Amino acid sequence: MLGLMQDTPLLISGLLNYAERHHPRVEIVSREGDGMEHRYGYAQAAGRSRRLASALHATGVRPGDRVATLAMNHHRHFELYFGVSGMGAVLHTVNPRLFAAQIEYIVDHGGARIMFVDPAFVPLIAPLVPDLPKVSRYVVLGGPETIGEAAEGLPGVVDYETFLKDGTDSHVWPSFDERTASTLCYTSGTTGNPKGVLYSHRSTVLHALSACQPGSFGLSAESVLLALPPMFHANAWSFPYLAAMTGAKLVLPGSRLDGESLQELISKEGVTFTVGVPTVFTMLLEHLHRTGKGIAPLARAGVGGSAVPRAMIDELAHHGCTVLQLWGMTETSPLGTIATPTPALAALAEADRADVLAQQGRVRWGLDVRIVGEDGRDAPRDGRTQGALWVRGPWVARRYYGADADMLDDEGWFPTGDVATLDAHGYLRITDRTKDVIKSGGEWISSLEIENLACDVPGVRQAAVIAAYHPKWEERPLLIIVADKECPPTRQDVLDHLQPRIAKWWMPDDVVTVEALPMTATGKVSKLTLRERFRDHLVKAAESPP
Ligand code: ADP
């Protein structure tokens, strides 16, 4: 027997409808590429999103068609998020930080025939045009003045404001199956070609609904959200959807993510909540340190994408901001676990409680996790036994776009490629990525844990631990640091700090100082590049001792 309740599909357009009807004047503030500030309310944003949907229809875009974007975080990209998905087409966000060949591959694989480009990225895309035969129309995200000489060579080029004139605000959002594809986003693909994750309206709405709950981000119409994750990366970690769903004020920072710009935005707009990768918070904290400024009223920040150094958690707490560490990946929409407290932690001593909360977080309803040991069985929840992390749930990918097979095991679990532990309180700790794991004499060493400790050494600004080849143990940990120019620590300072804190066989065989760590297009340390450079470091060091 079926229930007798209304069968309203969970559609992305429904989120904007809500914000338009019930929070029409709540602001979306954005910093545009030209440095200007733009403000409007949800009602106006919704009207322009509908106008965009009908203009897309007028130009021949139909449900299921992909519409590509190469753009930062601003109000026009917000309109694309809702206008494209809302009409039943698929928003394909492309990462401008990738190599040209990867951009070509991703755009071509996605199959979009129309692409929306920031004026700043026109010089990036113009030389690629001959290799993007499927794209027959380019729209530059600005007014008529943004069609400069460089843009004139783009096929069918038009500016966004002129493009909108072919549409109407009275367009009505269509209703369709909530499992319809809404957005397409490629993972950076450190090995092989990038892979497309194709989200649905249902997965997007359920993911956002879970993320804004009190045990997760705890958002409401009283929140002011600053969307730091780029809108071309994993749905900007759901920020556009979370804002519309809660009716919260949304701040879009454009392309300037330096410490000074962020501090200004936070205090000027009264930001109370944000999320981002550790690199962005490093820049912010450096600015605060230099200027003595603060970040009130920012009360909480979700930080993830790579491990959050303990020192960063403490420093942000000093500024009145609680860090909620997050773990997730493009394939998990992207939010997986979030480190929020439970009553069970109240019984712990303050320092132990802080240790638990400095991990990658707790499972929340909707996304289940499993840690599988080398024997194929579930690892004990002791906070020590490492194993492969598998996840499952309604916002986890099943198959990559264009692939011919699912990636799941027989019970529907998705292999994340991460190595983790679970503790008795249900908190997950990521110890490595499977491909970064250091296996010394058959035992796993957690590079993330050593990096975290190394970052506590005065004068260490960044740290990365990789597996270097060792003739006897096969692999041994090598610690690579970026040091503060004014007070660089010695090799011995670093080793002395680590020695009482980790097992003897985890101690790095050497410490190397570099100018900067190589980064991936998603702002993470590229261990692949480091491994290529330092694979034989220990062998060479043994041949020519200092
Ligand atoms: P990529 O960077 O490869 O494009 P993602 O952005 O999807 O892809 O990255 C997901 C990966 O980032 C996870 O599988 C995990 O290895 C890492 N990661 C995410 N959050 C954390 C965290 N809080 N601590 C450690 N690693 C993390």
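**Notebook: cysteines, helices and domains**

I searched the whole structure and found 0 disulfides, a disulfide being a pair of cysteine sulfur atoms within 2.5 Å. I checked Cys212, which is in no disulfide; the nearest cysteine sulfur, in Cys321, is 19 Å away. This is a predicted model, where local features need pLDDT of at least 70, side-chain atom pairs count only at pLDDT 80 or more, and totals for chains, interfaces and linings use all residues. Residues are numbered from 1 along each chain as its sequence is written, and side-chain values use heavy atoms, with hydrogens and water left out.

Is Cys212 buried or exposed? I noted a relative accessible area of 9%, so Cys212 is buried (buried is under 20%, exposed over 50%, partly exposed in between, with a 1.4 Å probe and protein chains only).

Next I looked at Cys487, which is partly exposed at 42% relative accessibility. Its sulfur lies 14 Å from the closest cysteine sulfur, that of Cys455, which is too far for a bond.

Then I turned to two helices. I found α10 (residues 259–269) packing with α11 (residues 278–291) at about 80°, their axes 8 Å apart. That angle makes α10 roughly perpendicular to α11 (the range for this is 65 to 115 degrees). On the α10 side I listed Gly259, Glu260, Leu262, Gln263 and Ile266; on the α11 side, Val280, Met283, Leu284, His287 and Leu288 make the contact (heavy atoms within 4.5 Å).

Last, I looked up the domains: domain 1 covers 12–200 and domain 2 covers 437–543, with bounds from an automatic or database assignment. Their centres, taken over C-alpha atoms, are 41 Å apart.

Methods:
Axes fitted to C-alpha atoms, helices over the stretch in contact; angles between N-to-C directions. Helix = DSSP H or I, 4+ residues; strand = E, 2+ residues; numbered from the N terminus. Parallel < 35°, antiparallel > 145°, perpendicular 65-115°, else oblique.
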